[in-house]
Amino acid sequence: MIVSRETLSTSLSAGIQELGLAINATQLNQLLDYLALLQKWNKVYNLTAVRDPQQMISQHLLDSLAAVPAFATARKVLDVGAGGGLPGMVLAIARPDVSVAMIDTVHKKTAFLTQVKAELGLSNVSVYTGRVEQLQVSEKFDVITSRAFAELADFVNWSGHLLADGGQFIALKGIDPELEKQNLASGWQVKQVQALRVPQLDAARHLIFIQRS
């Protein structure tokens, strides 16, 4: 299905306005360029099950943008199981002042992320291929995030060694995962659950904030 860039731009702009985000024309174009690359690579690499570009606006871009205000104080972020770059790549575009690292075990996905970084000139992005449990970094992250990656307990257990003192996890989830929250290992606690309303998307969305107890 071919939808003009102008139509997609109008739709994305309306959603951004509804979210009240400060996104300038350069960033808007970067988001549209990212979407075009996602569509192009998706034909070969199957990065996302969503094929319709209009649905990609709501289910991917606006879905990730709705979470951006939660990263207001973030400086160094890791997106675990980054896949096609959601929310990491969207966050990196919306917040060029934040350093965003993305990790995935699937090489074709990290190859895509590396290509996006190069084509969009995103100097605040770094990409890792491998298992997050084995990742070692010189400077830990103040926020570790994921979107539809794993159960909360696994997410925290696998990447907890990468979280800086005083840092937090922000997990992007659909429905509020009551059972998952109860299964967190001792030493971790849910500090907050925030419901999100995503423009042009009629679906439950929640952010789960987790910190060391």
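The conversation below goes through several parts of a predicted model.

Me: Where should I start? Which residues of α1 are buried?

Reply: In helix α1, the buried residues are L8, S9, S11, L12, G15 and I16. Viewed down the helix axis, the buried residues of α1 fall within an arc of 165°, so they line one face of the helix.

Me: Why would residues a few places apart point the same way?

Reply: An α-helix has 3.6 residues a turn, so residues three or four places apart point the same way.

Me: And which residues are on the other side of α1?

Reply: E6, T10 and Q17 are exposed there.

Me: What do the buried residues of α1 pack against?

Reply: They pack against α2, residues 25-45, and α3, residues 53-65.

Me: How far apart are the end C-alpha atoms of α1?

Reply: They are 21 Å apart. Helix α1 covers residues 5-19, and its 15 residues should span 21 Å at 1.5 Å a residue, so the two values agree. Just after α1, G20 takes a positive phi of about 70°.

Me: On to α3. How many of its residues are buried?

Reply: Of the 13 residues of α3, 10 are buried, so this helix is largely enclosed by the rest of the structure. The buried residues include P53, M56, H60 and D63.

Me: What covers them?

Reply: The cover for the buried residues of α3 includes helices α1, α2 and α4, together with strands β4 and β7. Helix α4 is residues 88-94, β4 is residues 141-147 and β7 is residues 205-212.

Me: What caps the N-terminal end of α3?

Reply: D52 does, with a side-chain oxygen 2.9 Å from the backbone nitrogen of Q54.

Me: Now the nonpolar cores. How many residues does the largest one have?

Reply: The largest nonpolar core has 53 residues. Those with the most contacts inside this core are L12, I16, L31, Y34, L65, F71 and F112. Elements giving two or more residues to this core include α1, α3, α5 and β2. Helix α2 gives the most, with 8 residues.

Me: Let me switch to aromatic pairs. How many does a search of the whole structure find?

Reply: The search finds 7 aromatic pairs. One of them joins F149 and F155 in an edge-to-face arrangement, 6.2 Å centre to centre with 80° between the planes.

Me: What about F169 and W188?

Reply: F169 and W188 also form an edge-to-face pair, with 5.4 Å centre to centre and 70° between the planes. F169 lies in strand β5, residues 163-173, and W188 in strand β6, residues 188-196, so the pair ties together parts that are 19 residues apart in sequence. Both F169 and W188 are buried.

Me: Which residues do the ring pairs link into a cluster?

Reply: The cluster consists of F149, F155, W158, F169 and W188.

Me: Tell me about V143. Where is it found?

Reply: V143 is found in strand β4. It is buried, with a relative accessible area of 5%. V143 and F169 are 26 residues apart in sequence, and their C-alpha atoms are 5.6 Å apart in space. Apart from neighbours within four places in sequence, the residues in contact with V143 include F71, V77, L78 and I170.

Me: What does its side chain reach?

Reply: The side chain of E180 reaches the backbone nitrogen of L152 at 2.9 Å. A polar contact of 2.9 Å also joins the side chains of E180 and K173. Not counting residues up to four places away in sequence, E180 touches A150, E151, L152 and K173.

Methods: Residues numbered from 1 in each chain as written. Heavy atoms only, no water. Polar contact = N/O pair within 3.5 Å; in protein donor to acceptor, adjacent residues only side chain to side chain. Contact = heavy atoms within 4.5 Å. Helix = DSSP H or I, 4+ residues; strand = E, 2+ residues; numbered from the N terminus. Expected span 1.5 Å × (residues − 1). Buried < 20%, exposed > 50% of the residue type's maximum accessible area, 1.4 Å probe, protein only. Arc of directions from axis to C-beta. Phe/Tyr/Trp six-rings, centres within 6.5 Å; stacked < 30°, edge-to-face > 60°. Core = buried A, V, L, I, M, F, W, Y, C linked by side-chain atoms within 4.5 Å.
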